[in-house]
Amino acid sequence: WYCSFSECCQTGDCRVVNNITGLAADLNGQLHGQHLAKEVVIRAVQGFLQSPQPEKALVLSFHGWAGTGKNFVARMVASHLYRDGLKSKCVRLFISLFHFPHHMYVDSYKAQLKQQITETVQLCKQPLFIFDEAEKLHFGLLDAIKPFMAPYNSRSKVDYRRSIFMFLSNLGGNTINEVALDVRRSGQVREEISMELLEQRLRLELQEPVENSYAHSHLLEENLIDFIVPFLPLEYHHVKLCARDAFLARGLPYTEAALDEVARMMVFVPKEEKLFSAQGCKSVSQRIN
């Protein structure tokens, strides 16, 4: 009872709730157009939490266009695993251009980041680390944290195996969209898009030797990323559902005409067919304003 109002132990672990049932229910009810992301996230997190002795930290990498739900899912996972959500002492959110803006200071950032991760693991047995805009991280920072994501080494002074790492990136969005477009043009429904269809092409793009931190850090080559989570581009009816949720969240009445009006404000691509929202559901709430 006391724990629901205040910290009640030194480590903060007493405020870990791991509500997988609630997470699954909210993903199914509030995440629109993302059947693959729902399936992969629930399976990955549930399997990891149920494992009595994982070999390594759980590493999830979210990919897709802006506004498709990557941040939304990361926040939702935090809110269902920890009573205090993103405000929990067990959760650390890093935003690339905010926390690590200057590449000239990368050595200083590496030391700070390793220290912050170590301190959080010592404080909490089940910490969550979220890296937003991961494609803009200097590859040196990813190299610095690779030991925390690697299989457990008994010589290590700190056990990181109960940690969860989430990387959120726009990388791979074009590949995901191409697959979704091909499926639509062939007359199939998006729910027929499978991980088998997407994952190999997505991995190839992420490993291309261009200026991206994933390729330079060899995270994929060294099999440190356990699950690649694709977020598909959103269609007109998904944007309407996002608008409906935004109205409901504010306790405001709405009509089908109002939802259509919000959806029509968005830009849809390709130019000829106008199938996918270029911004996903981003800015829907501002348009309701």
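This is a predicted model: local features need pLDDT of at least 70, side-chain atom pairs count only at pLDDT 80 or more; totals for chains, interfaces and linings use all residues.

Trainee: How many residues of strand β4 are buried?

Mentor: Strand β4 spans residues 164-169. On one side I164, M166 and L168 are buried, and on the other F165, F167 and S169 are buried, which leaves both faces covered. The number of buried residues in β4 is thus 6 of 6.

Trainee: Which residue of β4 is the bridge partner of L58?

Mentor: Strand β1, residues 58-63, runs parallel to β4, and 6 bridges join the two. L58 has its bridge partner within β4, and that partner is I164.

Trainee: Which residue of β4 is the bridge partner of I130?

Mentor: Strand β3, residues 128-132, also runs parallel to β4, with 4 bridges between them. For I130, the bridge partner in β4 is M166.

Trainee: What is the handedness of the β-α-β unit made by β3, helix α6 and β4?

Mentor: The two strands of this unit, β3 and β4, run parallel. Helix α6 comprises residues 139-149, and the unit that it makes with β3 and β4 is right-handed.

Trainee: With which residues is I117 in contact, leaving aside its neighbours within four places in sequence?

Mentor: Beyond its sequence neighbours, the contacts of I117 are F129, F131, I145, F148 and F165.

Trainee: Are helices α1 and α2 roughly parallel or roughly antiparallel to each other?

Mentor: Residues I20, A24, L27 and N28 of α1 meet K38, V41, I42, V45, Q46 and L49 of α2. The axes of the two helices come within 10 Å and cross at roughly 175 degrees. An angle over 145 degrees counts as roughly antiparallel. The relation between α1 and α2 is therefore roughly antiparallel.

Trainee: Against which elements do the buried residues of helix α11 pack?

Mentor: Helix α11 covers residues 256-264, and its buried residues are A258, L259, D260, V262 and A263. The elements against which the buried residues of α11 pack are α10, β6 and α12.

Methods
Residues are numbered from 1 along each chain as its sequence is written. Side-chain values use heavy atoms; hydrogens and water are left out. Buried means under 20% relative accessible area, exposed over 50%, partly exposed in between (1.4 Å probe, protein chains only). Contact means heavy atoms within 4.5 Å. Two strands pair if DSSP finds at least two bridges between them. A crossover is right-handed if, with the strands pointing away from the viewer, the path from the first strand over the helix to the second runs clockwise. Axes are lines fitted to C-alpha atoms, for helices over the stretch in contact, and angles run from 0 to 180 degrees between N-to-C directions. Angles under 35 degrees count as roughly parallel, over 145 as roughly antiparallel, 65 to 115 as roughly perpendicular and the rest as oblique.
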